[in-house]
Amino acid sequence: MLTDKSNPGNGFIKTTEISPQTLSSSQKVLLNRRGNEFFNAGNVEAAKRIFMATGYSDGLTRVGDYYAGQNRELDALKMYWLAHNRRKFEPIIKNISGLISAVIEK
């Protein structure tokens, strides 16, 4: 689990390693709640902007999952990469590298 380095006692909130230092923990919590509301209401792009601003890895992963379900693999890869979610981004990278290898070999 990656945690907010600026607030080590805040381990229950997953964030990326490089989290904006201008936001306090309470501001991040409020923004992440709002991002979750947007996501649950179907406004994925608004949620994505918030999750990217706060570095909320669980939110970024959920946005990536949404993109993957929409066959938007590169967008999903970006979200997984920002979330540092190796389990999700490594298979996409393998698929892309296999595709590139197949094209180069022809």
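Predicted model: local features only at pLDDT ≥ 70, side-chain atom pairs only at ≥ 80, totals over all residues.
Thr 61 is found in helix 3. With a relative accessibility of 12%, Thr 61 counts as buried, because buried means under 20%. What does the side chain of Thr 61 join through a polar contact? The partner is the side chain of Asn 85, and the polar contact spans 3.3 Å.

In soluble globular proteins, nonpolar side chains tend to be buried together. Here, the largest nonpolar core holds 16 residues, and the members that touch the most others are Phe 51 and Val 63. At least two residues of this core come from each of helix 2 (44–54), helix 3 (57–69), helix 4 (73–82) and helix 5 (86–105). Val 63 also shows what lies around one such member: leaving aside residues within four places in sequence, Val 63 is in contact with Phe 39, Val 44, Lys 48, Phe 51 and Met 79.

Lys 48 is found in helix 2. Is Lys 48 buried or exposed? Its relative accessible area is 17%, so Lys 48 is buried, the limit being under 20%. Not counting residues up to four places away in sequence, Lys 48 touches Tyr 67 as well as Val 63 and Met 79. Val 63, for its part, is in contact with both Lys 48 and Met 79.

Technical notes:
Residues numbered from 1 in each chain as written. Heavy atoms only, no water. Core = buried A, V, L, I, M, F, W, Y, C linked by side-chain atoms within 4.5 Å. Buried < 20%, exposed > 50% of the residue type's maximum accessible area, 1.4 Å probe, protein only. Helix = DSSP H or I, 4+ residues; strand = E, 2+ residues; numbered from the N terminus. Contact = heavy atoms within 4.5 Å. Polar contact = N/O pair within 3.5 Å; in protein donor to acceptor, adjacent residues only side chain to side chain.
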